[in-house]
Amino acid sequence: MRHASLVSLAIAIVLALPFKAGAEVQLDRTVLPIHEPKYPLITELDARKTTPPPRFEVKAPKDAPNVLIVLIDDLGFGQSSAFGGPIHMPTADRLANNGLRYNHFHTTALCSPSRAALLSGRNHHMTNTGSIMETATAFPGNTGQRPESVAPLAAMLRYNGYSTAQFGKNHETAAWEVSPSGPTDRWPTRNGFDKFYGFMGGETNQWSPAVYDGMTKVEVSKDPNYHFMTDMTDQAIKWMRFQQSLTPDKPFFIYFAPGATHAPHHVPKDWIAKNKGKFDQGWDKVREETLARQIKLGVVPAGTKLAPKPEAIKDWDKLTADEKKLFIRQMEVFAGFAEYTDAEVGRLVDAIREMGQLDNTLIFYILGDNGASAEGGMNGMFNEMTYFNGLQEKVEDILKHYDDLGSPSTYNHYAAGWAVAGDTPFTWTKQVAGNYGGTRNGMIVHWPKSVKAKGEVRTQWHHVIDIAPTVLEAARLPEPKAVNGVPQTPIEGVSLLYSFHDAKAQDRHQIQYFEMFGNRAIYHDGWLAGTLHRAPWELKPRTTLEQDKWELYDTRTDFSLTNDMAGKNPAKLKELQDLFLEEAVKYHVLPIDDRVIERVNPALAGRPDLMAGRTSLTVYEGMTGMSENVFINMKNRSHTITAEVTILKGSAKGVVLAQAGRFGGWSLYLKDGKPTYTYNFLGLNRFTIAAEDPLPNGRTTIRYEFAYDGGGLGKGGTGTIFVNDKRIAQGRIEHTQGMIFSADEGADVGEDGETPVVEDYGIPAPYRFTGTIHKVTIDLKEMKQADKAAEKRDQAIARHQMAIAD
């Protein structure tokens, strides 16, 4: 019996016979994961009388390069010194001077779509990322969920023997999937990356970020000098060194995506000081100076004209003294932020050099995922959350925070005039897919082992979908036909590897559509036809989609798009408009969705909502970081919060339940044992209701009731605190936030993470509750019919702001 069992066990081992020592197995890399070869069964009983097969191991092709993709957020074509801009970015300069500058490289005009296209090689609608995650709809092309037929580049490389890591911003996961409930299929570490360290969403507080390591939320250092940009760089360097130390022959792929330079513009003061006085001349003069440098550098053709500013942007010489003072400071802060970010990129590049890997590392340094952001409006902001709640900050109010801009006490953005200047020589900005100001970004390629040209400019027309096929070709890997058993949608990008060695090579990317919230364009063989459907700061489209006015440019002779030929060549315009519709059908762009209010509301947009139809939610201790996309919406209505707690010996302290933080939110907590509720209205006013006596020891029920005044969004109300059904405190809350508390901070049970709602909890961060929380229940009261009507009315004014909260 024992003999028979051994024979059966041996036969069950799938091994080849006979085996040749050192024999190489030919791998089919078009099907991923690569299948292990099938071997005939062994019939030999004694392992000493036979030879094992070669170990099956997937390795990258010999000498396949490491790959580093650096993607800066919200940086315009005319901002970095590497492309003639006024912001000193020595790392970008160094890589460009020892590599290639691409001055006809394009993105999608918005964050999530550009990233999804970059990481897949497919057009953004084919990844179901027609816009940002928070405005996904039910239409194919806009659902916010990448289909399995569109495998990401990271998975392709990982299955082919690469180590893969992502650091920084991840805005490619559906907002309603960012919770322990998942599904987690589209989180970075289940999306092809072995390692992820960063934040989930469109932006983060650089001083107090909500950070995930893999799929686990982690606390960051409480060092007062902490900054996420340095932290993520440290993490990237540590991972790269670890990986190369253990497996020096295994190539790595690092996707390094800072939250910088997206708002909030957070940067240490010494970096701001470096830019003192550099922008005193104002944005009009900066545009002129930038164009002159661009022409001298060769990234813009001689004779290029400066495109006109949008009419809404004031001439600098017509601004008041206070406006000039404020706006100059805003740009000094932004420039410091960008320069600081570039320095951190330089630290990573230097670490790769120190490991002896820089020569064979293919670096793509992409200076922006869209045009510079004009979402700061005409005045900029000290707290970006005011914008998302329909509150216009006045210059005199922002000036009160002049010295603090960029610090932990602000959540700041700059005035739209600087965004227009940052997109020199073009007219428009981020979101405007119909103009190169929204879609053209500088890109640098650096690969010493292969690219021998130094400091040359490449003028071939390319798009962000071209990066993935370039990486595959550089690594000598085929495009996969199937991944995890799912046939793949073909990659739609075109490798730009051909241009590395030939500056005069013919363009290979001939056709490309653009579309974002109704702004749209089509490029074909040097011609660009596009339309402005809505400016970033406008509340509604200028007209219907059918009535949009299109412009036509011959980009071969008109780099900055100043000579509209639509009237002179209507036949060409019609040809391109028809081509746009063909491409739009092919790539799931239709129907175009220019809705604003509806796309913010999950029910109207048709995307999942974990809280849909619910009027009650019970949460428990340890549930932290619940974003507004997965937490019950208590805004603009009456509600109760009921907490069952046990107070141990002594006076209890700390947070029971809090939502968001310093720039808007609320907290139910105990201070010196006394039940207290604070509503923080946009960091401008704090309304506190507190009991006079501490809670007794033992099990206790704390209930907070809010009676909403009604009459529309963001109104006030009366708050009352009960202990064991006895009223112990009451007070007025004069204003509430009707739209959003925070783009990055969530709700926490038993603590207040990231920034605090209350600055004086009386205990150290994260202000953990010192007793026991059994459960906390939030119950929503039924809205009156009149309040529903008022809310609908106010949405038409305010909720459009959320559509661009990326």
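In which sense do strand E22 (residues 654-661) and strand E23 (residues 664-671) pair, and over how many bridges?

## Basis of the model

This is a predicted model, in which local features need pLDDT of at least 70 and side-chain atom pairs count only at pLDDT 80 or more, while totals for chains, interfaces and linings use all residues. Residues are numbered from 1 along each chain as its sequence is written, and side-chain values use heavy atoms, without hydrogens and water.

## Strand E22 and its partners

E22 and E23 pair in the antiparallel sense, over seven bridges. Strands (E, at least two residues) and helices (H or I, at least four) are DSSP runs numbered from the N terminus, and two strands pair if DSSP finds at least two bridges between them. A hairpin of two residues links E22 to E23.

E22 also runs antiparallel to strand E29 (residues 747-749), joined by three bridges. Ala 658 stands opposite Ser 667 in E23, and its bridge partner in E29 is Asp 748. E22 is mostly covered, with eight of its eight residues buried (under 20% relative accessible area, 1.4 Å probe, protein chains only).

## Helices H5 and H8

Helix H5 (residues 228-246) packs against helix H8 (residues 321-354) at an angle of about 10°, and their axes are 10 Å apart. Axes are lines fitted to C-alpha atoms over the stretch in contact, and angles run from 0 to 180 degrees between N-to-C directions. H5 is therefore roughly parallel to H8 (an angle under 35 degrees).

Contact means heavy atoms within 4.5 Å. Residues making it include Met 229 and Ile 237 of H5, and Tyr 340 and Leu 348 of H8.

Methods:
Parallel < 35°, antiparallel > 145°, perpendicular 65-115°, else oblique. Buried < 20%, exposed > 50% of the residue type's maximum accessible area, 1.4 Å probe, protein only.
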